[in-house]
Each structure stands twice: as structure tokens, then as C-alpha cells.
Amino acid sequence: MSKDISIKEIHHIELFVSNAKQSAYFYRKAFGFSQLAYSGLETGNRNSASYVLSQGNIRLVLTTPLHSRNWIGGHIRKHGDGVFDIAFHVDDVDYCFNEAIRRGAKSAVEPYNLEDADGIVRRAAIQTYGETIHSLISTNDYNGNFLPHFKEQILVEESIGLTSIDHVVGNVNVGQMDKWANFYSKVFGFKNIIHFTDQDISTKYSALMSKVMENDNGRIKFPINEPAQGLKKSQIEEYLEFYEGEGVQHIALLTDDILDTISKFRERGIDFLHVPDTYYDTLESRVGPIEEDISSIRKLGILVDRDDEGYLLQLFSKPTQDRPTLFYEIIQRQGSKGFGQGNFQALFESIEREQSLRGNL
Ligand code: FE2
């Protein structure tokens with residue numbers, strides 16, 4: 001019996017974007033990320049430019065090609081701006097890579113060394129759904145602030161309270177959810193902690209099925225969605241059409257104070273999914289007592305859901321690029337380990353109540 005592949009955490013998430021300089025400004029000024037490091041022409045990188053941003057334990061890398069011969073341009077042409085790499089921090093890259101391949105994963109990049117004056121990083125990558133990859137990175141012999149060949153270039157912004165990545169959701173094609181859930185289970189030893197069928201998430205207009213996969217230390221949670229038959233095109237189908245394939249649908253970021261975080265987002269003009277006022281009419285009877293002030297929650301348009309273990313507060317951004325593809329979720333957990341499944345139904349019902357008020361139902 002081979003020992004398990006042990007993934008410590010998400011090292012960073014890399015997005016390919018068409019203008020990394022402007023995207024970096026957006027994530028700094030609107031999302032409160034500070035810049036840590038940079039790679040580009042000024043650092044001797046003649047193929048691409050990358051900005052490394054951080055807040056709490058979250059690290060995002062925004063990368064853009066510097067000429068048309070760079071394959072990254074093809075990725076952006078097909079998918080638009082989006083997530084390319086959910087990179088894993090591991091101790092033993094070679095073991096994890098070889099074992100993943102032995103268990104049926106496809107190689108994206110064979111193990112290699114990256115080296116500069118601050119030390120050595122071992123790195124490899126394997127493929128997951130669509131054209132998305134998981135880099136495997138070991139920084140045990142590295143002392144720099146990010147990775148070799150990045151220049152430390154710090155631009156401090158005031159944090160808006162985002163602390164870590166709660167979960168990263170993948171959208172896959174019809175009939176592919178089980179395949180990818182099994183992939184995470186077989187290759188990485190993740191466990192299926194929640195399974196929603198189309199009966200559970202049954203807004204008639206946006207039916208979906210989802211399995212949530214979690215790693216052994218609980219730090220990584222990957223829900224995998226596939227569209228289900230609904231009356232109209234589901235949001236998953238819309239994503240698959242505009243991303244032109246499978247990919248990351250949303251990144252959920254944790255905060256300890258969602259009221260403060262969402263107020264700051266709102267001051268900065270970030271758009272969130274509109275929550276109809278009628279949603280709040282039944283909120284207290286649905287979720288019971290909560291610590292936060294209901295009128296502030298209503299004013300900021302925050303969603304609340306409760307399960308056996310507690311409750312959570314959450315809100316979904318509008319897509320962060322023109323294509324209706326990647327968006328962000330902001331989430332605060334007060335005991336609940338769920339994903340806000342009660343909100344799907346409540347949101348749908350409140351939309352129906354509004355339709356009914358307009359005489360359109
Ligand atoms: Fe989510």
C-alpha cells in the first residue's frame with residue numbers, strides 16, 4: 001500500500017488575464033489585496049508578466065502574455081480571463097507527481113527545479129477538468145517571498161478582512177461530475193463530504209448537481225458542479241458556453257467580519273448578486289436567532305443559511321470579467337460547514353414572490 005499524497009494547502013491560484021496590470025489594480029483597490037512580487041520585462045521575463053497579490057493566507061497570481069507566440073494567449077482567446085492553476089503546496093513533489101500519475105492523473109509538467117539566490121523550489125503539475133491544472137510545489141528549500149524569478153515588489157493596501165480560500169468550485173459538463181469527484185478521491189485521497197442532487201438544488205431555472213470533495217486536513221474543499229435539466233438554461237450551462245469548456249466557476253473567500261468586508265466592497269462599487277427584499281421577510285423564521293444585526297444584513301444584501309452545526313453568511317459577486325464565467329463568493333462561517341444550499345431555494349422563492357407582486361406569476 002503506497003502512502004497517501006498529502007497536500008498541505010492551496011499555495012496560490014493563478015489566473016490568466018488579458019491585462020494583468022489593470023487586473024492587479026482591480027484586485028488591490030477593490031478587493032484589498034497587497035502586491036508581494038512581480039515578474040516581467042524588468043525582471044528578465046520576456047514572455048509574460050505576473051503580479052503576485054496576497055491578503056491573509058490567500059495568494060493570487062495574475063499573468064498575461066507579452067507577445068502572440070506565448071501559448072497563454074490561446075488560453076485567454078478561448079476562455080477569456082479565468083483560473084488556470086490551483087497550485088498545491090506539498091512536501092515531496094516527486095512522490096506526489098509520480099503517485100498521481102500511477103493513479104491515473106495526466107501530466108501537465110514533469111518535475112523540475114526552479115532556483116535563484118533565495119534557494120530552490122521543486123515544481124510539477126498535473127491536469128484536472130478542462131484546461132485547468134494543479135501545480136505541485138515544494139518550498140521547503142526556499143526563503144524568498146514567493147517563488148524563484150519573481151522580484152519582491154511590495155505595494156501595501158488596507159486589507160478588507162479576507163483571510164483564506166474557503167472553497168474553489170469547478171463546473172464540468174453534463175455527466176462528468178462523478179468522473180471528477182472520483183478523480184479527486186482516487187488521485188488525491190479527497191473525501192466526498194456533501195452530495196446535492198438536482199432534487200436538492202431545484203430552482204427550476206437553474207438546476208444543478210454538486211459533489212463537494214475535501215482533502216484530509218480539511219483545508220481544501222472543491223465542489224464539482226454539473227448542470228441538470230431545468231426549464232431554462234442553467235447558470236452552469238451558461239458558464240460552460242461562455243468559458244468554452246470546463247473550468248473554475250467561483251472562488252469563495254473567508255472573512256471574519258462579513259458586514260465590514262461587504263460594506264467596503266460596496267463603497268468600492270463592486271456588484272453582488274441582487275437579493276430581493278422579500279428574502280429578508282422570512283429570514284428570521286428560516287434561520288432563527290443570529291448574532292449579526294438583521295437590518296444591516298438586509299441593507300448590505302447578505303445571505304444567511306443555517307444547518308445542524310451553526311449558520312453562515314455569504315454573498316456572491318457578479319462575474320469579474322465581461323464573460324459570465326468566474327465570480328467570487330464572500331463567506332463567514334459561524335459553525336456551519338455547509339455551502340448555503342438553503343439559500344438557493346429561499347432566493348428562488350423570494351424571486352417568485354417579487355414576480356407575484358408584479359402580477360407576473
Ligand atoms: Fe460556494
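## A partly exposed arginine and its partner

R286 is partly exposed, at a relative accessible area of 30%; partly exposed denotes the range between buried, under 20% relative accessible area, and exposed, over 50% (1.4 Å probe, protein chains only). The structure is a predicted model, in which local features need pLDDT of at least 70, side-chain atom pairs count only at pLDDT 80 or more, and totals for chains, interfaces and linings use all residues. Residues are numbered from 1 along each chain as its sequence is written, and side-chain values use heavy atoms, with hydrogens and water left out.

R286 forms a salt bridge with D305, at 3.6 Å from N to O. A salt bridge here is a side-chain nitrogen of Lys or Arg within 4 Å of a carboxyl oxygen of Asp or Glu. Because R286 belongs to helix α8 (residues 283-287) and D305 to strand β15 (residues 303-307), the pair ties together parts 19 residues apart in sequence. Helices (H or I, at least four residues) and strands (E, at least two) are DSSP runs, numbered from the N terminus. D305 is buried, with a relative accessible area of 8%.

D166 is buried, at 4% relative accessibility.

## A network and the overall count

E99 and R103 are both buried, and their side chains meet in a salt bridge of 2.9 Å, N to O. Shared partners join D4, E99, R102 and R103 into one network of salt bridges. The count of salt bridges comes to 16.
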